[in-house]
Amino acid sequence: MTSTFPTISISTERLVLRPLDEDDIPALAEMMNDEQVVAWTDVPQPFTEDGARTWITEDAPTERAAGRGLDLAVTEFLTQRLVGIIQLGRTNWHVRSTEMSYIIAPWARGEGYASEAALATAQWLFGDQKFERIELRTAADNTASQQVAQKIGCISEGVLRGACIARTRTDDGAWAEVRTDYIVWSLLPEDIEGAGDQLADTGGFASYSDWN
């Protein structure tokens, strides 16, 4: 029997992580066309609102139903504005492990939202879902992503040489693919002991229907 993630919302002091919905389409499309997102992810370019709609209405529900992963919108608690995405993928329910990635919109960078959202997701996975391992992979030159991994307590396990395809601008303004290394990070339950103080006392985990 395939296990699946529940339809969940996760609250922190400043953020609410919840399922993507169609109201997110314009902001999601804008975020995924940002230069840094294009450079460090494999999202199609240009990323259209039709692509965002397909992701929200078809791809994300299919991945969750199949037990492979979970996509969460990261929104500001006060404004409800979309500021990022947390993705879980390559989930192994027998091993109780999953791979986490995160994207923060250009209009929300520098606020610590990535580490806050990633830590909240990790605490939910370890506490509520009884996971035993979270893995992250960061491109060798993506220092911002590496800093997030370090902030939430991840341990660097090694390098996958030549395993990542990134993108860079050419002289004529086009995008070209470049091969680089992946740094592999892991996070185990004991790595975030004591980190719970970073979540608001009024936050925590709730079913999406309760929050919505």
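Let me begin with a term: helices here are DSSP runs of H or I with at least four residues, numbered from the N terminus. The structure before us is a predicted model.

I turn to the second largest pocket. Helix α3 contributes the most to its lining, with four residues. Both α3, spanning 49–65, and β3, spanning 70–76, supply at least two lining residues each. Among the lining residues are Pro 6, Ile 8, Ile 56, Arg 64, Leu 70, Asp 71 and Leu 72.

The largest nonpolar core has 37 residues, and Ile 86, Met 100 and Tyr 102 have the most contacts inside it. Helix α4, residues 113–127, gives the most to this core, namely ten residues. Apart from this core lies another, of 18 residues, including Met 32, Val 37, Leu 82 and Ala 105.

Finally, consider Leu 136, in strand β6, residues 133–139. Is Leu 136 buried or exposed? Leu 136 counts as buried, because its relative accessibility is 1%, and the cut-off for buried is under 20%. Its contacts include Met 100 and Tyr 102, together with Ala 149, Cys 154, Ile 183, Val 184 and Trp 185. The C-alpha atom of Leu 136 is separated by 11 Å from that of Gln 87, 49 residues apart along the chain.

Notes: Residues numbered from 1 in each chain as written. Predicted model: local features only at pLDDT ≥ 70, side-chain atom pairs only at ≥ 80, totals over all residues. Heavy atoms only, no water. Core = buried A, V, L, I, M, F, W, Y, C linked by side-chain atoms within 4.5 Å. Buried < 20%, exposed > 50% of the residue type's maximum accessible area, 1.4 Å probe, protein only. Contact = heavy atoms within 4.5 Å. 1 Å grid on protein atoms, 1.4 Å probe; cavity = no way out; pocket = protein on both sides within 12 Å on 5 of 7 lines; lining within 4 Å. Lists of a residue's contacts leave out its neighbours within four places in sequence.
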